[in-house]
Amino acid sequence: MAELLSDDQIASELTHLDQWRAEGRALVREVELASFPQAIQVVNRVAEIAENDNHHPDIDIRWRRLTFHCTTHSAGGVTQADVSLATEIDSVIESTR
């Protein structure tokens, strides 16, 4: 099982993930894209990455606004896998803009 990160470790990781915040037992990022099709394009790319990594975020889609929640459900909180996935999500978002 993946090892949970401490609050201090999460805070340290968030210095590199400036668009993310710790919320409950997850890393959370909201982003608004230029259009609904662009938002779905981001979701589709993130889905490909998640399948490849076998680690899936919770995603809320509200028109052009996406909210990503990265947490390791089996561990009960944030692990290094969530930090890695958040970094990959950032790359997808930046490549879309």
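Visitor: Which strand does β2 pair with, and in which sense?
Guide: Welcome, and please keep in mind that this is a predicted model. Strand β2 covers residues 26-32, and Arg 29 stands opposite Phe 68. Six bridges link β2 to a strand made of residues 65-70, so the pair passes the cut-off of at least two bridges. The partner is β4, and the sense is antiparallel.

Visitor: How many bridges join β3 to β4?
Guide: Strand β3 spans residues 58-62, and β3 and β4 run antiparallel. One of the contacts pairs Arg 62 with Arg 65 in β4. The number of bridges joining β3 to β4 is five.

Visitor: Which residue takes a positive phi in the hairpin of β3 and β4?
Guide: This hairpin has two residues between its strands.

Visitor: Is Trp 63 buried or exposed?
Guide: Trp 63 lies in the loop between β3 and β4. Its relative accessibility is 57%, and the cut-off for exposed is over 50%. Trp 63 therefore counts as exposed.

Visitor: Which residue has its charged end over the ring of Trp 63?
Guide: A charge counts as sitting over a ring when, among other conditions, CZ of Arg is within 6 Å of the ring centre. Here the charged end sits 4.5 Å from the centre of the Trp 63 ring. The residue is Arg 64.

Visitor: How many aromatic pairs does a search of the whole structure find?
Guide: A pair of aromatic rings is described by the distance of the centres and the angle of the planes. For a pair to count, the ring centres must lie within 6.5 Å. Across the whole structure, the number of aromatic pairs found is zero.

Visitor: What is the relative accessible area of Asn 54?
Guide: Asn 54 is in the loop between α2 (36-53) and β3. Asn 54 is not a glycine, yet it has a positive phi of about 55°. Asn 54 is exposed because its relative accessible area is over 50%, at a value of 62%.

Conventions
Residues numbered from 1 in each chain as written. Predicted model: local features only at pLDDT ≥ 70, side-chain atom pairs only at ≥ 80, totals over all residues. Heavy atoms only, no water. Helix = DSSP H or I, 4+ residues; strand = E, 2+ residues; numbered from the N terminus. Buried < 20%, exposed > 50% of the residue type's maximum accessible area, 1.4 Å probe, protein only. Phe/Tyr/Trp six-rings, centres within 6.5 Å; stacked < 30°, edge-to-face > 60°. Lys NZ or Arg CZ within 6 Å of the ring centre and 35° of its normal.
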